[in-house]
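Hi everyone, thanks for having me.

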Amino acid sequence: LTLVCAYPNDSATAAAIRHAHPSLLNGAATANPDHLPADQFLANHPLPPPSELGQPDAIHVLDHPRQLTALREGIGSHAARAGLTTSRCEDLVLAVSEVADNALEHGVPPAAVCLWITSTSVICQISDNGHFTTQPLAGLLPPHRNRGRARGLWMAHQLCDELYRWPHPTTIRLHMDRPQATTP
């Protein structure tokens, strides 16, 4: 398979494209000397800051793990009202709970959990006052089998339709697609 990437002709985009591709096509495929491994690419090209979504439909502020039960109930209730199936509600609740627990255990509490319901998604954002400094591929690769922990972010990636992470302040945004309305 040969995939050719078309992109705008500006220097910032061109640099990022050169870093992302292991080979270049100029009549024949050649090794790209500017290519960066995935972890280095992500470290050098972070996502832009999260977009503003307006006033959240719900806000939970957590500073102790015992508050996670009420958070799970609230997220489940909002997700069900948004039309997510029972299994999708459970997936979202588990993903939010794992990320919120990480914010309390590894971040700098308090953690703010904001929820938005849009026409296409249920979006939940968990932020704390920390600085996410672990490797850039955290949560993208399966955890080691020998580790009983360190599965929360990876699980959230598997359960949600989209997951975005910003380092400072630590912010994780989870998206679950809403079912599309059917026409009769």
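Before the helices themselves, one term: an axis here is a line fitted to C-alpha atoms, for helices over the stretch in contact, and angles run from 0 to 180 degrees between N-to-C directions. Please also keep in mind that this is a predicted model.

Let's begin with H4 and helix H5, which covers residues 152-159. Their axes come within 9 Å and cross at roughly 155°. Angles over 145 degrees count as roughly antiparallel, and so H4 is roughly antiparallel to H5. The crossing of H4 past H5 is left-handed. On the H4 side, the contact includes Arg-88, Asp-91 and Leu-94, and on the H5 side it includes Leu-153, Met-155 and Leu-159. Sorting the residues of this contact gives 7 nonpolar, 2 polar and 3 charged.

Now for the other partner. Helix H3, residues 68-81, packs with H4, residues 86-106, at an angle of about 145°, and their axes are 9 Å apart. This time the crossing is right-handed. Among the contact residues are Leu-71 and Ile-75 of H3, together with Leu-92 and Val-96 of H4.

Which residues touch the most other members of the largest nonpolar core? They are Leu-71, Ile-75, Leu-92, Val-96, Val-113, Ile-126 and Leu-174, out of 33 residues in that core. H4 gives the largest share, 9 residues.

Finally, take a look at Leu-71: leaving aside residues up to four places away in sequence, Leu-71 touches His-60, Leu-62, Val-96, Ala-100 and Val-113.

How values were computed
Residues numbered from 1 in each chain as written. Predicted model: local features only at pLDDT ≥ 70, side-chain atom pairs only at ≥ 80, totals over all residues. Heavy atoms only, no water. Helix = DSSP H or I, 4+ residues; strand = E, 2+ residues; numbered from the N terminus. Left-handed = near helix turned anticlockwise from the far one by under 90°. Contact = heavy atoms within 4.5 Å. Parallel < 35°, antiparallel > 145°, perpendicular 65-115°, else oblique. Nonpolar A, V, L, I, M, F, W, Y, C, P; charged D, E, K, R; others polar. Core = buried A, V, L, I, M, F, W, Y, C linked by side-chain atoms within 4.5 Å. Buried < 20%, exposed > 50% of the residue type's maximum accessible area, 1.4 Å probe, protein only.
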